[in-house]
Amino acid sequence: MKVIETFKLSKTFKSLFRKRRVDALQQVNLEVEKGHIFGLIGPNGAGKTTLVKILLGITYPTLGSANIFGLPISDYHCRQRVGYLPEDHRYPPYLTAEGVLHYFGKLSEIPLEDRRHRIEELLPLVKLQEWRKVKIKKYSKGMMQRLGIAQALINNPDLLILDEPTAGVDPIGRREVRDLLLELRGRGKTIFLNSHFLSEVEMICDHIAILHEGRVIRSGPLEELTRAPHEYELRVSHLPPAVEEEIKGKVVSYSRDNEKLRLCTESTATLNSVIDLLREHKVELLSLGPKRTSLEELFIRVVREGEVVE
């Protein structure tokens with residue numbers, strides 16, 4: 001099931017006096033599957049916040065359309081199943097965690113008894129049970145982020161849209177937020193994550209999209225996008241020098257670090273011939289897998305290239 005779908009979504013901002021035109025989004029096509037964590041990444045000014053605002057009905061597209069849970073974003077009913085955490089959110093410092101959640105529960109028109117029950121579920125989930133009566137001015141940044149996620153969950157949404165949920169949080173706080181998001185995915189929630197922390201995105205996201213100058217230049221499963229074509233890592237037991245030399249003659253490039261071999265081949269047929277060679281000489285193959293590039297390396301490369309790959 002597609003939780004979010006966008007169809008050639010475009011947004012142009014115009015200045016009446018300077019006659020300046022800014023194409024914030026240009027024919028953006030995205031699909032977010034149910035139960036996945038989807039990461040939206042891109043440089044500053046790429047259009048990420050504009051896209052989020054369109055999905056939330058805060059601003060409107062110039063061209064194109066979008067659906068949430070199969071309903072057009074012009075229908076406010078689609079957002080009744082959405083929770084949202086803005087970047088750098090602020091709550092009145094004199095409130096407690098309970099007070100914040102009651103306030104946002106009222107905004108969602110949740111009856112008092114249902115709110116109380118929901119708060120009893122959420123505070124342990126975000127590890128704020130012991131801080132429920134403490135004014136939030138005493139909270140750390142990580143605690144504030146977890147409270148923000150609880151606020152986004154108060155209406156028990158099926159879709160969470162989170163804008164920089166780990167911004168300004170120390171490593172321990174980021175780990176806590178990351179573990180919480182993985183637990184929510186395990187409970188069937190769909191999470192749309194906008195973040196600059198590529199390492200965090202790489203650890204938790206199923207799918208990503210890279211937005212650059214208003215265009216989606218890469219989109220797909222993270223595992224596929226970070227896989228280097230025809231590059232493999234093998235771990236082997238004792239490798240005779242003669243066998244090693246023969247392997248070098250079969251592959252495009254070769255490097256070795258003790259037991260680990262890194263190969264670039266022209267095809268999978270070449271890889272199979274290397275494996276046959278190892279078996280023929282009774283060299284034990286301990287592990288085999290595709291070589292992967294980091295998300296940071298992928299991001300830098302495709303942003304520099306700037307080409308859209310469908």
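**View 1. Cysteines of the predicted model.** Cys78 is buried, at a relative accessible area of 1% (buried: under 20% relative accessible area; exposed: over 50%; partly exposed in between; 1.4 Å probe, protein chains only). Cys205 is buried too, at 8%. The whole structure contains 0 disulfides (a disulfide is a pair of cysteine sulfur atoms within 2.5 Å). This is a predicted model: local features need pLDDT of at least 70, side-chain atom pairs count only at pLDDT 80 or more, and totals for chains, interfaces and linings use all residues. Residues are numbered from 1 along each chain as its sequence is written, and side-chain values use heavy atoms, without hydrogens and water.

**View 2. Confidence along the protein.** Mean pLDDT is 90, and 97% of residues reach 70 or more (pLDDT is the predictor's confidence in each residue, from 0 to 100). Strand β3 (residues 37-41) has the highest confidence, with a mean of 96. Strand β11 (residues 227-236) has the lowest, 84. Helices (H or I, at least four residues) and strands (E, at least two) are DSSP runs, numbered from the N terminus.

**View 3. Surroundings of Leu211.** Leu211 sits in strand β9 (residues 207-212). Its relative accessibility is 0%, so Leu211 counts as buried. Beyond neighbours within four places in sequence, its contacts include Leu25, Val28, Leu40, Pro43, Lys48 and Val216 (contact: heavy atoms within 4.5 Å). Glu246 is 35 residues away along the chain, and 44 Å separates the two C-alpha atoms of Leu211 and Glu246.

**View 4. Nonpolar cores.** The largest nonpolar core holds 46 residues; Leu147, Leu184, Ile208 and Ile210 touch the most other members. A core is a set of buried Ala, Val, Leu, Ile, Met, Phe, Trp, Tyr and Cys residues joined through side-chain atoms within 4.5 Å. Helix α4 (residues 141-153) gives this core its largest share, 7 residues. Apart from this core lies another, of 27 residues, among them Val3, Leu56, Ala66 and Ile73.

View 5. Four strands run in the order β12-β13-β11-β14, with antiparallel pairing (two strands pair if DSSP finds at least two bridges between them). β12 (253-257) and β14 (285-292) are the edges; each has a single partner strand, so one side of each lacks a neighbour in the sheet. Twist averages 20° from one strand to the next. β11 and β13 (residues 260-264) pair over 5 bridges. Arg235 has Lys260 of β13 as its bridge partner. Helix α9 (residues 268-280) packs on the sheet, touching β11, β13 and β14, and its direction makes about 5° with that of β11. Axes are lines fitted to C-alpha atoms, for helices over the stretch in contact; angles run from 0 to 180 degrees between N-to-C directions.
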